[in-house]
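Here are a few exercises to work through with the model open beside you. Try each task before reading its solution.

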Amino acid sequence: MIPELGQFALILALVLAGAQAFFGLFGAARGDLRWQAVVRPAVAGQFVLVSTAIGVLVHAFVTFDFSVLYVASNSNSALPTFYRVAALWGAHEGSLLLWAWILAAWTLAVAIASRNLPASFASRVLGVLGFVSFGFLLFTIATSNPFERIFPVPADGRDLNPVLQDPALAIHPPMLYMGYVGMSVAFAFACAAMLEGKLDQTWARWTRPWTTTAWAFLGIGIALGSWWAYYELGWGGYWFWDPVENASFMPWLVATALIHSLAATEKRGVFKSWTLLLAILAFSLSLLGTFLVRSGVLTSVHSFAADPTRGLFILGFLIVIVGGALALYAWRAPLLRSPAGFEGTAREAFLLYNNIFLVVAAAMVLVGTLAPLIADALGAAPLSVGSPYFDKLFPMLMLPLGALIAIGIHAAWKRGQLGSSRGRILSGFGVALLSGLVLVYGVYGASKPLTPIGMVLGVWIILSSLFDPIDRLRRKLSLPRAIIGMTLAHVGLGVGLLAISMVESYTVERDAAIAPGETLVLGRYGYRFNSIKEIEGPNYDGVRAEVTVLRDGAPVATLHPEQRNYWVQRSTLTEAGIARRWNLDMFVALSKNVGGGRWSVRAQLRPFLGWVWLSAGLMALGAVFAVSDRRYRVRASAKESAGEPTIAQGSAAEAS
Amino acid sequence: MSRFLIPAAIFLALAGVLYVAVVHSPNKSTMQSALLGKPVPEFNLPVLGRPGMTVSKAQLSGRPWVLNVWGTWCVACREEHAALLEIARQNALPLVGLSWKDEDDLALDWLKQLGNPYSVVAVDHDGRTAIEFGVYGAPETFFIDADGRVQYRHVGPMTPEVWEREFLARVPRGGLP
């Protein structure tokens, strides 16, 4: 009986989402305040109903209700409680439900925070969000009902995919969805602005914190997924250009462009139509990501099911939402004028260059990801571009972008005045060049040609970002959170560039079969295979080895790689043993028992790998600071939004 | 107005590609019907790591065998590799690899590093044989009976479950000759 309540709640939520869309959009179009008054209660009701549905499904998981097909397929009586809750989004149906719930939560937040916005604008924003929600709920109910019953009731469930039984991967999807769905807010703001036919600097200020928040979640979600791939897949890599990774990376690239373009729109009133387009693109790519993962058109590590009906439904939805928004854009965007001019070395210009590089990079990833589909549609031979394509092209876009960032940080709005910053630019570059070259040729040794470039640029970006905040502190000026946030994010980028250059160039690895007592030598390091013993977990058994890492013969770390056999799904998973030092990851993974007590293992030394995650963390922390800046907390009333740049003309606004 | 229409035009083209992709997507029933019971195409391909040697359809006929299409560039192939090694250990059916549009050095490295589950690996540099098999994307695995006819085709990574349900179950009772 309880599962049917969940389904019923979903159907009611669908009705409310429809009402929210209808009364929000048409209420605003007719200027009918009574219609618009329906919208916020509909948002609240929808949130309560979707929460109920989520609660019902969690209840079914926790109480082992195997009469529910989804629970029977993704859970098991031996599955620990934490993963029984995480199993909620372990497969298609539950993932969609989570998507819908996160959208309902974002919409509720927008409904609460938008009470000071002009009524018709807020109605349109909520109406667009209601429309998106309607589509997703309809999709869930029509093609992917998570509450479907199964008869006869199986005695036990088929268990959660063992790949997903991991803390990082358990929270990876919700983070990613927070990012994907969060982009719908910027999208709704963009559609509402086009429907209103008005886009001013206040609009950009409203949109910015939402976009930055979504961007941060997306970044954390991507980093978690990459971290998981690193220690769980046993290959020792952290990024594979897998279609599903790409699906989350493309919206991140475009969202990064969007937060910068929004800054220019807020401060200078420029790039209006471009900002709108980016807001549409960021959410479209989020939807496309969902489509690629859920329709199963691309085979990948992550794809779990292929179902053409679902694919067609999402495609139809994509066409309505994205096609509609782009048509609206073609109609409305020509009416927007960006009055302010700027010079070729002004901050606006650098943000424009940054945008071009980011969007081209996203397009490059898109083409690479869809290459098999495009070849198929053209009737050409099956074609799959692997990491060689991305590894070759991506740095060619990112390295020039790095140099532009290191210089552009010093540019002022409107007039470049780069001349006055020449000292900073050159001294930063000089120090970066020196330290980068010392690191490459003095400490680590010559390597791939791109290595020194990447490292010098990484250091340069870090130094460039620090000039302004240090200068402010020295002159005892205020240091607004917006600037702290921007600095953290840019330092994070520099750290990431530095770390990736190091990892890609100086990783050493060796695969070999060794027996207990033997040592695998890797340069100055040795991996001594001490022992291996059997282990048993709640729903798996397996082996755990003890490996001591020696440096110049002295032990520096002990690693415990595992191999687990999950009983129900009968699959074998590796858990790598990793020890992290500030400048080095020592990695070992068991790959197989080759007999005679010997195991083939993969051992790696990856310098500075930890800094890749540090980079993601710094960017997310930067977003937290930027979003909590004072000027977003001071509630702007509709009256002061007359379009003139009244807001915080002070130093904070100038710089961020 | 016109330049503002460009995004919509690009999107329409993309939607067309996606539509074709969905309609063509690995739909088990249609894929099966196209190949089921048809004889395996003729081929005579070089053997990986054995210069001068070749492997042909005729050499493999007379008993059931399994063809696994893979490439070092294919992430899902890496995923299924552990399952293939386990399958090879069972020694129930000869497992023939088809190294699809790959570089021999990379393929040999891969097998050295991860273990070699294959009885023999045929090299399909230009992808012609794979096309004749109707390969959609790597990995794919075919069950071919003693008469040289395709009896089953699995798209995507091989798993122990699929192996037992779809492959081992098709081995004639009484074992192999």
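**Exercise 1.** Work out how many helices and strands chain B has, and in which pattern they follow one another.

*Solution.* Start with the tally: in this predicted model, chain B holds 7 helices and 7 strands. Next, walk along the sequence of chain B and write down each element as it comes up: α-α-β-β-α-β-α-β-α-β-α-β-β-α.

**Exercise 2.** Find the strand order of the open sheet in chain B, then name its edge strands.

*Solution.* From one strand to the next, the twist averages 20 degrees.

**Exercise 3.** Parallel or antiparallel: how do β3 and β4 of chain B pair?

*Solution.* Take β3 (residues 65–70) and β4 (residues 95–100) of chain B: they are parallel, with 5 bridges between them. For a spot to check by eye, go to B:Val66, which sits opposite B:Leu95 in β4(B).

**Exercise 4.** Which strands does helix α7 of chain B touch?

*Solution.* Pick out α7 (residues 160–167) of chain B, which packs on the sheet. Its contacts are with β3, β6 (140–144) and β7 of chain B. Then compare directions: α7 makes about 160 degrees with β7(B).

**Exercise 5.** What percentage of chain B is buried, and what share of its contacts with a separation of 6 or more joins residues 24 or more positions apart?

*Solution.* Of the 177 residues in chain B, 38% are buried. Among contacts in chain B with a separation of 6 or more, 74% are between residues 24 or more positions apart.

Note on methods. Residues are numbered from 1 along each chain as its sequence is written. Chains are lettered from A and ligands numbered from 1 in the order in which they are written. This is a predicted model: local features need pLDDT of at least 70, side-chain atom pairs count only at pLDDT 80 or more; totals for chains, interfaces and linings use all residues. Two strands pair if DSSP finds at least two bridges between them. Helices (H or I, at least four residues) and strands (E, at least two) are DSSP runs, numbered from the N terminus. Axes are lines fitted to C-alpha atoms, for helices over the stretch in contact, and angles run from 0 to 180 degrees between N-to-C directions. Two residues are in contact if their C-beta atoms, placed from the backbone, lie within 7 Å. A residue is buried if 20 or more other C-beta atoms lie within 10 Å of its own, exposed if 12 or fewer, and partly exposed in between; C-beta atoms are placed from the backbone.
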